[in-house]
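Subject: Handing over the structure

Dear colleague,

I am passing on the structure we spoke about, with the sequence beside it. Please look through it first, and then read my notes below.

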Amino acid sequence: MRIGRRIVCGALLVALALFGITAAPAEARPGEAFRPGAPGVGDEYFPLAGNGGYDVKHYLLKVSYDPATDRLVGVATITARATQNLSRFNLDLVGLTVRSISVNGRSATWSRTDHELQITPSRGLRKGSTFTTVVRYDGVPVTSEIVIGPDLSIPSGFIHTDDGVVTAGQPEVAATWYPVNDHPIDKASYTFIVTAPAGLEVVANGRLLGNKRHGSQRTWLWHAAEPMASYLSTVNIGEFDTRRYRTDDGLWMYDAIDPDLFTEPVDPENAASPTYGEIAQGSLARQDEILDFLAERFGRYPFSTGGGIVDDYEELFFALETQTRPVYSKYFFTSPESGDSVVVHELAHQWFGDSVAVAEWKHIWLNEGFAQYSEWMWSEEQGLGTAQQIFDETYAAIPADDPFWSVVIGDPGPELLFDNAVYVRGAMAVHALRVEVGDEDFFRILRTWTRLKAGGNGTIPEFIRVAERVSGEQLDDLFQTWLFTGSKPAAGAAATERSGAAAAQAEDALEQLTVGGRQLRR
């Protein structure tokens, strides 16, 4: 379709109709008791992440961005349901200037801290009622950071590129470019109406519904129907070569690769070297195959669209599982094997991390352990080394006194949330479970988990209960050893099966992938 002049009204009507959101709710009655919503959802690691007292159903984000000035102008229309009688409530917002706020069409008052936007509506909001908040704001968004160790962080969030912007990062990044309940516990659907210079592409989550040129600008309409954690939302603006197609199963895919990558060889000293773009294009071309591979193990793909985004920006050092359409650093596409591996990782997150999101950030193993282990299973599928061989090589390579083993991956703390151990020991923990219960029960556990928790949130204790119920085994000792003990486990599960390919896979898993001394995380 093409977007007509009524783009904003039309998008709002689409959102309201699709999600059964009704008009203005009942408000305060005389004598009713109202109290403020909490300024956080209670996450142990990030106390101010998210907010209490309401549940967001839908974000309609109308934003315009000018790369020449880095200035963003936005109108966020947030439809939510009160979970208590609210006298006021908070949204998370960092750095941008608020121009006006209304709640249910009436002007509201507000105050600010560095992180919190505290809103007081003209009337209290009753528990169970639906209310609509409209925030008009603008400014130059700040780039945040992902902390991946006590002395190391990398740019994330609203990342200003040479020709536009990439928005990606975790755990708290959405608040750098729109007002939000910024925690995975409060998922919502999204509609993006994004205006940018006409020569640039806009790529976001979900389905592209159309675009319309007006003068020197072009406005794009994207709609993400399935509930999504805020850190998984993404809008990317720049020069992209795009490809829209269907998989063999009929799933709509949308890929976007920076054209500069097709002129940049991986090895400039080698005349025969492929470019980053060629490798990325080849790996994204395997998404249909990879999704089938993962669906056989995890259950049906949980979303209605897919694809990937690869930007040429030199300071983008990670890949992220932004829902339906992961964002990738070019540095993962140095070989077909590494490119395929990272695509497997991020697509595995669509089940583990996106469809089933963490209820608190301390449960990060549920995201990274299973995504990393998916790379090992893919290696096995491709004949590059079995998961057991990679486990054995990894286990043997790390001495017992290495700090790697001291990270308690079931509760790593905020500073070690993205430590290498969370990924690699996390995958080892998954393999230990597989060995303990056997393949039949192992894959039944994974499919049961993704089915029971689809579209929601999960915790490690909940996963353990599912694993024990499905397998009929008592697994406390296994999980205590692999998730909650800060030392090297005994060698019980490690066999002696070895291969050169598995050793290479283990080495890749162990090394901190660096560019200019900076770690690449995903």
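The term you will need at the start is pLDDT, which is the predictor's confidence in each residue, on a scale from 0 to 100. This is a predicted model, and the mean pLDDT of the protein is 90, with 87% of its residues reaching 70 or more. Over residues 1-25, however, the pLDDT stays under 50, and the model has 39 contacts beyond four places in sequence for that stretch. Residues 493-500 also have a pLDDT below 50, and this stretch has 19 contacts in the model beyond near neighbours in sequence.

Turning to the helices, α5 (residues 365-381) packs with α6 (residues 387-397) at an angle of about 125 degrees, and their axes lie 8 Å apart. Since angles over 145 degrees count as roughly antiparallel and those from 65 to 115 as roughly perpendicular, α5 and α6 are therefore oblique to each other. On the α5 side the contact is made by Tyr373, Trp376, Ser379 and Glu380, while α6 contributes Ala387, Ile390, Phe391 and Thr394.

As for the strands, β17 (residues 241-246) pairs with β18 (residues 252-257) in the antiparallel sense, over six bridges. Within this pairing, Tyr245 has Met253 of β18 as its bridge partner. The hairpin of β17 and β18 has five residues between the strands, and in this hairpin Gly250 takes a positive phi near 90 degrees.

Conventions: Residues numbered from 1 in each chain as written. Predicted model: local features only at pLDDT ≥ 70, side-chain atom pairs only at ≥ 80, totals over all residues. Heavy atoms only, no water. Axes fitted to C-alpha atoms, helices over the stretch in contact; angles between N-to-C directions. Helix = DSSP H or I, 4+ residues; strand = E, 2+ residues; numbered from the N terminus. Parallel < 35°, antiparallel > 145°, perpendicular 65-115°, else oblique. Contact = heavy atoms within 4.5 Å. Pairing = 2+ DSSP bridges.
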